[in-house]
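Let's walk through this structure together, starting with a pair of helices and then widening the view.

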Amino acid sequence: MKKRFGPGLALFGIAVWFVGTNPAWAAGPLTVTGAGATFPYPLYSKWFYEYSNSHPGVNFNYQSIGSGGGIRQITAGTVDFGATDAPMTEEEMAKLPGPILHIPTAIGAVAVVYNLGGVGPGLRLTPDALAEIFLGKITKWNDPKIASHNPGAKLAGSDIVLVHRSDGSGTTDIFTNYLATVSGEWKSKVGRGKSVRWPVGLGGKGNEGVAGVVRQTPGAIGYIELAYATQNRMAMAALRNREGSFVLPSLESTSEAAAGAAKTMPADFRVSLVDAPGKDSYPVCGLTWLLVYRDQRDEAKGKALVSFLAWAMHDGQKMNAPLLYAPIPGPVVEKVDNTLKQIQYKGKSLS
Amino acid sequence: MMSRTGENRKDLLFEKTTAFFALCVLGLTLLLFALLIRESLPAIRKFGVSFVTNSTWDPVLEEFGALPFLYGTLVSSFLAILIAVPLGVGSAIFINEFAPGWLKTPISFLAELLAAIPSVIYGLWGIFVLVPILRDYFMKPVSRALGWIPLFQGPVYGPSMLAAGVLLAIMIVPFILSVSREVLATVPQVQKEAVLSLGGTRWEMIRIVIGQHCIPGIFGATILGLGRALGETMAVTMVIGNRPDVLLSLFQPGYSMAAVIANEFTEATGDLYLSALVEIGLVLFLLTIVVNFAAKRILKRMVPGSSKRAAR
């Protein structure tokens, strides 16, 4: 017994000393809770870690339960902020107890990957060809709609095996949003969503599931997050954007798309970046958002949240690229800074 | 059973405590059932019976029919049983009756090891090893030779109902194997020797002994395996192809109830969508109950009074 007492007392002493000397801890650390999207989770967890290190006294607890869960929890008010890969619909926003702000934090791109022996990366696909492949109308790799743009590639008459995400995901939302934008037939037959009724193809669970099936199946084509495709060195297709140039997915071409959309960015940031203008912009990308109420219920938490968001838009953005998320372009950051000023507690701005 | 003469307060307390725990289990089950019904009410009201007869699953238009998932769960599970029962019972007979001593331990140890592997590992192994092997060395040749039979029709992708059935079979073999071994071990040595002493061959001995003694137990083992197969989620979703269509061909992709819940629940935003997913859970729950009840009835009819042993 005596032996165990020593370290315990020492720890207690350290704790007393810590709490006593650090005024922010005197009232116990402040924990801000959040829930939502899984796609930006690696980035957010890095942010929370770095922010808590440089701002002692504020802790974050984030559950990456999916965008749908994030929206449900923020609607119910069980978390301080939500996170989503697809903007909330009008119908969803109507259920909220108060006005909500969408704060864009990063841009994700969706890469079209394929498995064609003898054909390297950079296969060129037009929006038409891509939509018809996913509608099941183009079924062979040597179809003139593909071959005519790839004169050098040895495309055999093999079957196209289509692979899509089987789990509901923001990636699917961005991808189907793109197809619905470029193809009227896709829009009327399938539509856009985190899960849709695919006309053809196999479903793989998660990025790893789609990547696994594409890798194992000759003649397969699928779509996955750019970060995952880059890390796993998969062959990615160059897609033709609205300016007519074929662009490979990359952080640069993704940021380019956001810059192209910046001029027309609406005040609430609920915007789709697919098929964005700009000569070098990659057409299949989308924003991911944090969701916060404009009227905060707790002054201390609201203050912490606002200062964290301001930090995330500036210092935090520098951590995006190393983790393969495209940063929010400068002009948009300025707009977000203004939006953050709206966050208030009982009518008083918190920033 | 228990003698009541020496009963004292401690005994009574013990009895009440255990009764409380038993009621907790019952209560939890009822609560689960009630919750499933409550949460699926919107979908039940909207779709009624058509929920299990409609084969369209369209989250965008909010039209939900669960038939493809029901079909996929049943077909993949029965396929698994079809493969796993001969494999499991056969190897149990071999281990117990024929195998030399030095082989018994390693085989049964390895089989039990199979049961301890997490299902996501089975799924990954399925994607990277089993599916390519099945596709290149079984499905392609069979499709070329027997492609005119509806069961083997259509293009060969790899991920398919067949792949799910085979993977599930591998996952449930250890259960069937170990329960079958225990059942076989309950046969009195005297009976076996009696058959042999009457001039019976080993095959006759096994046939008679199994026919007399072990069928209910083996049936119970099968139901245990079926229960696992019906609810298996991760491994199935990784190899079944996740296509919500009712397709007769085993080479075509399918979908299962557990898989669609796991896949779509986290990102389901609409109330009706969520409710439809919960209703699939309810259907799965009812299906498991029906299968278990049916099994008990069949068992009772086969050997009166033996259901207890088999259910063990």
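In this predicted model, α13(A) and α14(A) are roughly antiparallel to each other, because their axes cross at roughly 175° and angles over 145 degrees fall in that class. Helix α13 covers residues 299–314 of chain A and helix α14 covers residues 330–340, with axes that come within 10 Å. Here an axis is a line fitted to C-alpha atoms over the stretch in contact, and angles run from 0 to 180 degrees between N-to-C directions. Helices are DSSP runs of H or I with at least four residues, strands are E runs of at least two, and both are numbered from the N terminus.

Which residues make the contact? From α13(A) come Val306(A), Leu309(A), Ala310(A) and Met313(A), and they meet Val333(A), Val336(A), Asp337(A) and Leu340(A) of α14(A). Two residues are in contact if their C-beta atoms, placed from the backbone, lie within 7 Å. Sorted by class, the pairing has 7 nonpolar residues, no polar ones and 1 charged residue. Nonpolar means Ala, Val, Leu, Ile, Met, Phe, Trp, Tyr, Cys or Pro, charged means Asp, Glu, Lys or Arg, and the others, Gly among them, are polar.

Stepping back, chain A contains 14 helices and 13 strands, and its C-alpha trace spans about 75 × 55 × 30 Å along the principal axes. Among contacts between residues at least 6 apart in the sequence of chain A, 70% join residues at least 24 apart.

Of the 351 residues in chain A, 49% are buried; that takes 20 or more other C-beta atoms within 10 Å of a residue's own, while 12 or fewer make it exposed and counts in between make it partly exposed, with C-beta atoms placed from the backbone. Helix α10 (residues 206–216) of chain A is mostly covered, with 8 of its 11 residues buried, including Val210(A), Val213(A) and Val214(A). Pro144(A), in helix α7 of chain A, counts as exposed because it has 10 C-beta neighbours inside 10 Å.

Finally, look at where the chains meet: 24 residues from chain B and 28 residues from chain A take part. On the chain B side, β1, α5, α9 and α10 each supply at least two residues, and α5(B) gives the most, with 4 residues. That side has 13 nonpolar, 7 polar and 4 charged residues.

A note on conventions: residues are numbered from 1 along each chain as its sequence is written, and chains are lettered from A and ligands numbered from 1 in the order in which they are written. As this is a predicted model, local features need pLDDT of at least 70 and side-chain atom pairs count only at pLDDT 80 or more, while totals for chains, interfaces and linings use all residues.

Key: Angles under 35 degrees count as roughly parallel, over 145 as roughly antiparallel, 65 to 115 as roughly perpendicular and the rest as oblique.
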